[in-house]
Amino acid sequence: MPDATKVLVIEDEADIQQLLSYHFQQANWRVEVCGSGSEGLKKAKEKRPDLILLDLMLPGMDGFEVCRILKNDPETKAIPVIMLTAKGEEIDKVVGFELGADDYITKPFSPRELLLRSKAVLRRGPKAEGEEGSDKQIKFGDLVVDLARHRVTIADKEVELTAIEFKLLKYLLETKGRVQTRDTLLDKVWGYDAFVTTRTVDTHVKRLREKLGKFENYVETVRGIGYRFREKP
């Protein structure tokens, strides 16, 4: 039998810890729980979970700082993070996504919805990309997207992308020259469009451009519609 999916819950409220533990264990996930950011960072390295559920309002070190550290550490940057928070302001969501969070859910939430969204985040992660198998690469000048290794290089220098940024670049390159609406990108890249907004697309495109160096301007904005990747280098 395959190993159970491992989730690390970084949450300081005992009732929410118990709620999440119960529902994820019922779904045959292995659950690890801790109540502070510093402990969460330690457990993320020790336990190597498949997913992290991260509360924003933690004592001492808040969830934003925890996410920033996780995504800047080579040992933990590939672990998907879903932020859990009582804050529903759009600016908080934008900041969370800019730090590399993979999803964002506002309290109070449905445990069933959170479980579904957790599964969706894992489906679009690096392992899912690698399962496309083969040694297939997408090349655009000296920009190379290696699907099997989930790796992007420009002039043989690796570009560090999150799982979503990788999938976004992959899809834009596969459809280069054709305009993709924000709704289409939500569907093709995120795999669902019920839980995130078109602002999420804009945030990730901005982050992707910043990382593409000399290829930054090849990701073109089509005002009022969406984005496209320029057809020729």
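Let's start with the overall picture. The protein has 9 helices and 12 strands, and 49% of its 233 residues count as buried. If you take the contacts with a separation of 6 or more, 56% of them are between residues 24 or more positions apart.

Now go inside. In soluble globular proteins, nonpolar side chains tend to be buried together. Here, the largest nonpolar core has 29 residues, and the ones touching the most other members are L143, V145, V152, L169, L173, L185 and F229. Two or more residues come from each of these elements: strands β6, β7, β8 and β12, plus helices α7, α8 and α9. Helix α7 gives the most, with 7 residues.

Next, find helix α5, which covers residues 111–123. From its first C-alpha to its last, this helix reaches 18 Å, close to the 18 Å expected for its 13 residues at 1.5 Å a residue. Its buried residues are P111, L114, L115, R117, S118, A120 and V121. An α-helix has 3.6 residues a turn, so residues three or four places apart point the same way. Look at L114, R117 and V121 on the buried list with that in mind. The cover over the buried residues of α5 includes helix α1 and strands β3, β4 and β5.

Then there's D73, in the loop between α3 and β4. Is D73 buried or exposed? With a relative accessible area of 14%, D73 falls under the 20% cut-off, so it counts as buried. Its side chain makes a polar contact with the side chain of K45, at 3.0 Å.

Finally, where should you be careful? Confidence is highest in strand β1, at a mean of 96, and lowest in helix α6, at 43. Over residues 127–134 pLDDT stays under 50, and the model has 15 contacts beyond four places in sequence for this stretch. Where pLDDT is low, the predicted coordinates should not be read in detail.

Conventions: Residues numbered from 1 in each chain as written. Predicted model: local features only at pLDDT ≥ 70, side-chain atom pairs only at ≥ 80, totals over all residues. Heavy atoms only, no water. Helix = DSSP H or I, 4+ residues; strand = E, 2+ residues; numbered from the N terminus. Buried < 20%, exposed > 50% of the residue type's maximum accessible area, 1.4 Å probe, protein only. Polar contact = N/O pair within 3.5 Å; in protein donor to acceptor, adjacent residues only side chain to side chain. Core = buried A, V, L, I, M, F, W, Y, C linked by side-chain atoms within 4.5 Å. Expected span 1.5 Å × (residues − 1). Contact = heavy atoms within 4.5 Å. pLDDT = per-residue confidence, 0-100.
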